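Colleague: Hello! Could you take a close look at one part with me, please? I would like to learn how charged side chains pair up here.

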Amino acid sequence: MTPRRRQILDTAADLFAERGFHGVSVHDIGAAVGVSGPALYKHFAGKEDILGQCLLHASEQLLAGARERAALPDDDGAAPLDALIGWHAEFAVSRPSLIVIQEREWRTLGPDVRTQVRERQLAYIGVWTDALRPLRPDLGPAEARAAVQAAFGLLNSTPHSARIGRDAMQALLTRMARAALLS
């Protein structure tokens, strides 16, 4: 992804989180990145495409990062899960706007993009479930998936949480998610 395209997506995500999808125009996004609204059409088909690409790119980043961390050497059995928790906690505190628009604007996505995002999210859940099950053999596949998704709820609560500073919040979320998954 080009730096300019990334800048547009990051800026649009922040605007969508702040004002809602329908409260932001292509002109608003363009002005925020220093171009005219129509200049954005060089990079995207329209505002709906920008929203879709924000969430698709976030899902792809999370999945690629998860796969990378799950493949780390595992001396104690918990290394992949610990790396996944740390990865998601860092993402959550550094990109809260993406969590907000995922939650609030899901129905605004077109069906094709929604399907693509959902496929990546399901694969992401699968990576986590595969890392959790060896540590929690008492959990069947469905229970492990439910535990992982509950941990995501905790980790993704950051846009709605009292802010105690980014590093402190990330450390707190990491400890809490680990405790929840391994209890």
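Predicted model: local features only at pLDDT ≥ 70, side-chain atom pairs only at ≥ 80, totals over all residues.

Which residue forms a salt bridge with Glu 68, and how far apart are the closest N and O atoms?

Modeller: The partner of Glu 68 is Arg 69, and their closest N and O atoms are 4.0 Å apart. Side chains of opposite charge can pair when their charged atoms come close. Now look at how open each partner is. Glu 68 has 55% relative accessibility, so it counts as exposed, because exposed means over 50%. Arg 69, at 22%, counts as partly exposed.

Arg 95 counts as buried at 14% relative accessibility, whereas Asp 10 is partly exposed at 23%.

Another example is the salt bridge between the side chains of Arg 178 and Asp 82, at 2.5 Å from N to O. Arg 178 belongs to helix H8 and Asp 82 to helix H4, so this pair ties together parts that are 96 residues apart in sequence. Arg 178 is partly exposed, with a relative accessible area of 33%, and Asp 82 is partly exposed too, at 29%. Finally, salt bridges that share partners join Arg 6, Asp 10 and Arg 95 into one network.

Conventions
Residues numbered from 1 in each chain as written. Heavy atoms only, no water. Buried < 20%, exposed > 50% of the residue type's maximum accessible area, 1.4 Å probe, protein only. Helix = DSSP H or I, 4+ residues; strand = E, 2+ residues; numbered from the N terminus.
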